[in-house]
Amino acid sequence: MAIGPTTHTPPDPRPPKLSSRSLRMRSWLILLVTAVAVPLVLFSAALLVWNANTQAGQTERQVRDRARQLAEDVDREVARLIAAAEVLATSESLAKDDFASFHQRAVEVRDRLGTNVVLRDLENRQLVNSRVPWGTALPVNSGFEADRLAVETRTSQVSGLIVGGVTRAPLLIVVTPVIRGGDVRFLLSLTISPERLQAIVSPDRIPAGWRAGVIDQDGTVIARSHLAGQFVGKRLPDTLWSGMREVRDGIHRAINLEDVAAFQAFSRSRTSGWVAATSVPQALMAEPARQTLLLFTGGGLVLFLIGIGAAVILGRRLTRPVAQLAEAAEALGAGRLPAADAGGVVEIDAAGGAIRDAAGLILRREAALAESEARYRAIVQTAVDAMVVFDEAGVIHSFNPAAERIFGHWEEEAAGQAVTMLIPKPYLAAFDSCLAACRQAGEWRTVGAGCELAGLRKDGSTFPIELALAGWRSGGRRLFTGLMRDITERKRGEDALRASKAEADRANIAKSKFLAAASHDLRQPVQAMMLFQAALEGRLDGHPASPLLESMGEAMGGLRMLLDSLLDVSRLDAGLIVPQPTDMAVGPHLERLGAEYHLQAAAKGLRLRIVHSEATVRSDPALLERILRNFVENALRYTERGGVLIGCRRQGGRLRIEVVDTGIGIEAGKHEEIFEEFFQLGNPERDRGKGLGLGLAVVRRVARLLGHDIAIRSVPGRGSAFCVEVPMAVSRMPVSGRPDPHAPAGTPPGLILIIDDEPLIRMGLQAMLEGWGYRVLTAGSVEDAVRHVESGEWPNAILADYRLRGGETGLDAIRAVYERLDAPVPATVITGDTAPERLIEVREGGHALLHKPIAAHELRNAVAEMLEAAD
């Protein structure tokens, strides 16, 4: 069979026409895009509405919680003043009608609490006002409704906003009845500071755009976070007040004072009856949802149109190679070769190759992501600290096993709940502050050490936590990771340390009280012996027993030195010594020290050299000289050969005064210990000739009081240098001496009243004073002292022991004598008690103070000064 030649049909150069199959493909693509996009848009819109409602509900809870928190803060402020008023109402001075002493207590309360204390009788006459000095004429007030309620109920009452009778300023007061013998005798009122109420509702304590305020029982605004000057003192409209008047707390929508529709919550204070209210504008609550809805609607429409356009373009791009592939298949089915430039199969192969390459890349990235996720999950699952992930709305997304263990919630229970379920209400404000800082800075922020933050377990128990927050973004959303560490054990350790410190402080106080009591008990017999020794020494001058009396005086002088050193430490610790700095020339003081200690140095075979100085410094002359005396005495005590040098050198704006010796020296490790009480070097046998170990302890306290620096340089075996740095004076002061405090005083005639419950002390004082030419009256109690005055014997001066029998004190005796004389008499209190509180009490009474045992010249000078003051 013959085979004929094969015929070849040339390809059609025209582009193929789109078949109905290609048109249907493009239509299906558009329908597919529409079918996917529309449900997604509807679901997202529903989710957006649900999220907006959730945010609104959370905002409502926050407004209610903030109102209750403000009410609790107001409660604490008012309760603090009520407690202070009730303590004052039961004070001893008020029970004795001692209004002058009560005025002092009122001034202390005023300064401590920032209030004003007023005591009135039932006719509203002011008896005490802490804002004016004692003795100033006081006005008569008009009564308040709180006064009537306080008298009727016999309990403390809190007023509404009233206008002050003197300043005409708006006031809030706490009124407490003072009950005596079952009847209300006085009314005690304390003002409530408007500034503290304003601080409670400060804009810094509430979110931006919110408003807060406090309203009294009558509906008058007494504090407001915004526009306080415009609204404080004004009554709320009935539309607002009617919903708050009878209800303890609640929440409602209303028009606020700024004529803005707002969502308002309020809570009533249990102590004062005032109402704390917070409000947030409704527009502020709806604005985020409205903006998000507009953005979503516009963005969704644009994306939908883009998707339709992409479907059309993609359909056009796909239909051409599909048509070419169909024509090639038809050509092959018809026995024709496909056109060489059809390209349909080549494009499909290229697309397949690209898809295969993309699939490989996707698989590799998925493997990397899976590895990263596994590593992250391993860290999260094995972490010992709780890790909680929540979104911008505070909704929890993840909860690691440590969080389940610490808080007691399973992850399924916590997911979808508000993160505030893990924080107790009192700490929500601190949590909000940390979250705000994280939002603003976008970096790790840690709280816990700087503020008190706690966690809330499922069973309702709380525990201290340390919180760290980090903000990050995922899929266009901002999320937060909270790392919460349980610091219960650390807090327990801190509490144990505080308890140990408190125990040490109590031991130190007990030591001070023991020293004070021991000093007082020792001073009584020593004082009697010194008085009798001084009286005998004057009367037995030239008698064969005189040397024995002198030796007795030296022994008692050593004991007095110990007690005086203890007294110096107590007075410095009590803060009774107040420095009086002045511009002083250093030279005369150094010369006087050289002259005073020259003989003592010569007796030990030592050289004492003074380097003269023309410098002028700023300091208290007596206290600075006390430091230098202790330095010189210490140097002479521990130097056996060589000498002591006292000199100065300038260092910038300060003068360095040094006492240098060639003594035994001090090891470097002992430089701090020598300034402690009763510490001595090289004196294990406690030889009194080497001092008591209190001199440098006094130096440290005095230098600290003056603000001067002290320093020491020392080489063991070669000597030491003790230094004090004093600021230079601005101008040079003329050189002048200082009167000798031990110079004998004159003995002007006068009648001295001695009050002491110890017969031996009375006899000793009487013998000494009569030996100086004074007339003397003695009394063993307050009753004896008053009996002398009532018999017509009016003393010119009083010497009174502090402790008397029957719980009476010398201060009681002095006051009783003043009342009988109707005039003050110069008085000096004698005591052996070195307790700081005792020293403060005597000083506040305005009397002079002598400490047992008293030397003869000290007593003589004190009596002479009192008689001069009486003239």
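Reply: A definition comes before the questions: buried means a relative accessible area under 20%, exposed means over 50%, and partly exposed is in between. The model is a predicted one.

Me: Is Leu-706 buried or exposed?
Reply: Leu-706 is found in helix α17, which covers residues 695-706. Its relative accessibility is 16%, and the limit for the buried class is under 20%. Leu-706 therefore counts as buried.

Me: Which residues does Leu-706 touch, not counting residues up to four places away in sequence?
Reply: One of the partners of Leu-706 is Leu-623, and these two residues are 83 residues apart in sequence while their C-alpha atoms are 8.1 Å apart in space. With residues up to four places away in sequence left out, Leu-706 touches Pro-579, Ser-619, Asp-620, Leu-623, Leu-624 and Ile-627.

Me: How are α15 and α16 oriented to each other, roughly parallel or roughly antiparallel?
Reply: Two packed helices are described by the angle between their axes and the distance between the axes. Helix α15 (residues 586-603) and helix α16 (residues 621-637) pack with their axes 11 Å apart and at an angle of about 30°, and the crossing of α15 and α16 is right-handed. Because angles under 35 degrees count as roughly parallel, α15 and α16 are roughly parallel to each other.

Me: With which side chain does the side chain of Asp-583 make a polar contact?
Reply: Asp-583 has its place in strand β19, residues 582-585, and it is buried, because its relative accessible area of 18% falls in the class under 20%. The side chain of Asp-583 makes a polar contact at 3.1 Å, and the partner is the side chain of Arg-618.

Me: What is the phi of Arg-154 near?
Reply: Most residues other than glycine have a negative phi. Arg-154 lies in the loop between α4 (145-153) and β3 (157-158), where it counts as partly exposed because its relative accessibility is 40%. Its phi is positive although the residue is other than glycine, with a value near 60°.

Me: Is Asp-822, which has a positive phi, buried or exposed?
Reply: Asp-822 lies in the loop between α20 (810-821) and β29 (827-831), and its phi is about 60° although it is not a glycine.

Me: What separates the C-alpha atoms of Glu-790 and Arg-820?
Reply: Glu-790 lies in helix α19, residues 782-790, and it is exposed because its relative accessible area is 55%. Glu-790 and Arg-820 are 30 residues apart along the chain, and their C-alpha atoms are separated by 7.2 Å.

Me: What percentage of the residues of the protein chain count as buried?
Reply: The secondary structure of the protein chain comes to 22 helices and 30 strands, and residues 24 or more positions apart account for 61% of its contacts with a separation of 6 or more. The accessible surface comes to about 47000 Å², of which 57% belongs to carbon and sulfur atoms. Of the 871 residues of the protein chain, the share that count as buried is 41%.

Methods: Residues numbered from 1 in each chain as written. Predicted model: local features only at pLDDT ≥ 70, side-chain atom pairs only at ≥ 80, totals over all residues. Heavy atoms only, no water. Helix = DSSP H or I, 4+ residues; strand = E, 2+ residues; numbered from the N terminus. Buried < 20%, exposed > 50% of the residue type's maximum accessible area, 1.4 Å probe, protein only. Polar contact = N/O pair within 3.5 Å; in protein donor to acceptor, adjacent residues only side chain to side chain. Contact = heavy atoms within 4.5 Å. Areas by Shrake-Rupley, 256 points an atom, 1.4 Å probe, with all protein chains shown as cover. Axes fitted to C-alpha atoms, helices over the stretch in contact; angles between N-to-C directions. Parallel < 35°, antiparallel > 145°, perpendicular 65-115°, else oblique. Left-handed = near helix turned anticlockwise from the far one by under 90°.
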